[in-house]
Every structure is written in C-alpha cells, then in structure tokens.
Amino acid sequence: MAYRELYRRGKLHERVETALSLLESCSVCPRSCGVNRLADEIGKCRTSRQAIVSSYGAHFDEEAPLVGRYGSGTIFFANCNLGCLFCQNYAISQLSEGQKIDKEELAYIMLSLQEKGCHNMNLVSPTHVVPQILEALEMAVESGLHIPLVYNSGGYDSVETLKILDGIVDIYMPDMKYDDEETARELSGIENYPEVNKAAVKEMHRQTGDLEINNEGVAQRGLLVRHLVLPHGLAGTKGIVHFLSREISRNAYVNIMDQYRPCYKALQIPGLGGRISSAEFHKALSFAQEAGLSRLDRIHATELLPILSE
Ligand code: SF4
C-alpha cells in the first residue's frame, strides 16, 4: 500500500513529526483553535493529546466496495470537529464515549483488524486525530501492516493536513454534507463548510483519483464521496452532484444515502423532525443522473433509467 512505500523510503517518520507539530498550537483541522494539545489543552473537538477510541471491529454495513467478504476494519474515534445537531452517532461524536488510548494500543488495534482478514482499515472521524493516527501507523507498519487505509471523514478537513497524508491514505471517503454555508452554520455549527469541503475533496481526488475496484469488487484506491439526503433539500444535493461532475470527475463514486432519521437534537429543529420521503430520495438520484454521475453505491444503472423518465 502507498504508506509502505513512504516507510521504505524513510519518509513516513517525517510526516509523523510534521503532523505532531500541528498539535502545539492546534491547526490540525480548519477550525484552527490554537490550543496546545501537547499540553493536554482542549479545543472545539474536545480531544487533547491522546485519541479516544469508541469501538473497533469488522463492519459489513459500509459501502459495498469496502466490505468485500471479510468486512471493513473500522475504528470509531470519539469526538468530532463538527457539531451536527442531527448526528446519528452523537454519543460518540458529541458525548466523547470511548477510551483514551496511546499509540501502542492504536497500533495493536490496527494490526488486529488486519489479522481478522479485514480488507482495509477504516478510520471513522479521523480529522481531529490525524497526528495520533500517524504515530500509531508508523508502529503498525513496522510490524507488517499492509491493508489499504480509508480516511472516513465529515469532510471538514484542511488542505494543509491532507497534504501530510499524501502517499499515506489509499482511499478517501469524505462526506459532502451541505452546499449552503448558512445551513452548515445552523445545523453543524461551522463556518465556510461548502468552501472548505470542496477544497478538501479536490485535494483528496488529486492525491488518489477515481475509486479503483479490483476483480473481487474490493476498493484499492481513490475517492468515494458520501452524501446524506436531508429533508426539504437541506443538504443541497443538486449543487453537490454538479460540483462532483464538473470539478472532480464524471467517474466519481458517490454514495447518496437515504437513511436520515431524526436523532440527537433534530426534533428541536424545524424541518428535521422526520425521515425523507421516497420521492425526495428519487429526486436526489435524478439530480445525480442529470449531472452525469453513474457510479452510485448500491444503485445500478438500470435502476436509474426509470427515475429519469419519471
Ligand atoms: S483538531 Fe480540534 S483542537 Fe485542533 S483545530 Fe480542529 S477542532 Fe480545534
């Protein structure tokens, strides 16, 4: 895998050092809190020097090309640099559910997932713990880690930090949550999400290209975008799929998701109190097809044709 080549050339350690240096006046993510996490100060992500892991294991509910026969080796990191009011994993992302772990323990988890036969190592909410992941990765690589690394983020990632990951991450799987800045501010408490998110997705695609899937149907490298359709068009699906088609690639692999359900504080927010209708989901798919995107997770081209003719 890509990171093994960096390790062979003796360059992985430099990346670890560069990433760790960002913790001193934290600019690991675009929030740029400036707190000293090396001294255990806490910024918006509520994570100090050590990463917190909520759970890990082989998962079979991920996107089809990640799951294969033996599952995706998923590590859920607690806390998040976003504050989505409808988060389905809010106990992990907002309430810090999990255990603090050091780099030796994290390296052990990585190797144990590989030992189970998982097709990849799927880092969920990695944005705020990139330095901690890299120092563990170096140890795991020394002990033989070789499966593809999946960076599964909320999509609010800084290009500078992503550049540290160039040649390390094999598969980027960012969310594209919103196409409208004001909606992102209201629902996730962040500034400039669309601008930051689009720049991050461009950098991820520059590094890894379109998603490459092997003969067994398992992803090896590239970009896979997730987009959760929100009620009443709040996610801005049309703008996002057009961005992907025009500025990333018509061959972009996208998972347009219909599983929104009101969680966490969603019931307090007008418009977010119910699930999306099948008409709303079909409309989202039709936007993708009109934009020229045809690589949609778990949706076959034959299913798309009737949608367009409706
Ligand atoms: S990683 Fe956390 S502390 Fe660092 S800038 Fe982002 S939110 Fe702030």
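Author: Helices here are DSSP runs of H or I with at least four residues, strands are runs of E with at least two, and both are numbered from the N terminus. L113, for instance, lies in helix 5 (residues 103-115). This is a predicted model, so local features need pLDDT of at least 70 and side-chain atom pairs count only at pLDDT 80 or more, while totals for chains, interfaces and linings use all residues. Residues are numbered from 1 along each chain as its sequence is written, and side-chain values use heavy atoms, with hydrogens and water left out.

Reader: Is L113 buried or exposed?

Author: Buried means under 20% relative accessible area, exposed over 50%, and partly exposed in between (1.4 Å probe, protein chains only). L113 has 0% relative accessibility, so it counts as buried.

Reader: What is L113 in contact with, leaving aside its neighbours within four places in sequence?

Author: Contact means heavy atoms within 4.5 Å. On that basis L113 is in contact with Y56, G57, A58, G73, T74, I75 and C118.

Reader: Now helix 10. Why does its length agree with what a helix should span?

Author: The expected span is 1.5 Å times one less than the number of residues. Helix 10 (residues 237-248) has twelve residues and should span 16 Å; its end C-alpha atoms are 15 Å apart, which agrees.

Reader: Which residues of helix 10 are buried, and what covers them?

Author: T237, I240, V241, F243, L244, S245 and I248 are buried. Their cover includes helix 9 (193-208), strand 8 (219-228), strand 9 (253-257) and helix 11 (278-290).

Reader: How do I read the packing of helix 9 and helix 10?

Author: Under 35 degrees counts as roughly parallel, over 145 as roughly antiparallel, 65 to 115 as roughly perpendicular, and the rest as oblique. Helix 9 and helix 10 pack at about 40°, with axes 11 Å apart, and are therefore oblique to each other. K198, V201, K202 and H205 in helix 9 meet F243, L244, E247 and I248 in helix 10.

Reader: And what about helix 10 and helix 11?

Author: Their angle is about 25°, with axes 9 Å apart, so helix 10 and helix 11 are roughly parallel to each other. T237, K238, V241 and H242 of helix 10 make the contact with A284, F287 and A288 of helix 11.

Conventions:
Axes are lines fitted to C-alpha atoms, for helices over the stretch in contact, and angles run from 0 to 180 degrees between N-to-C directions.
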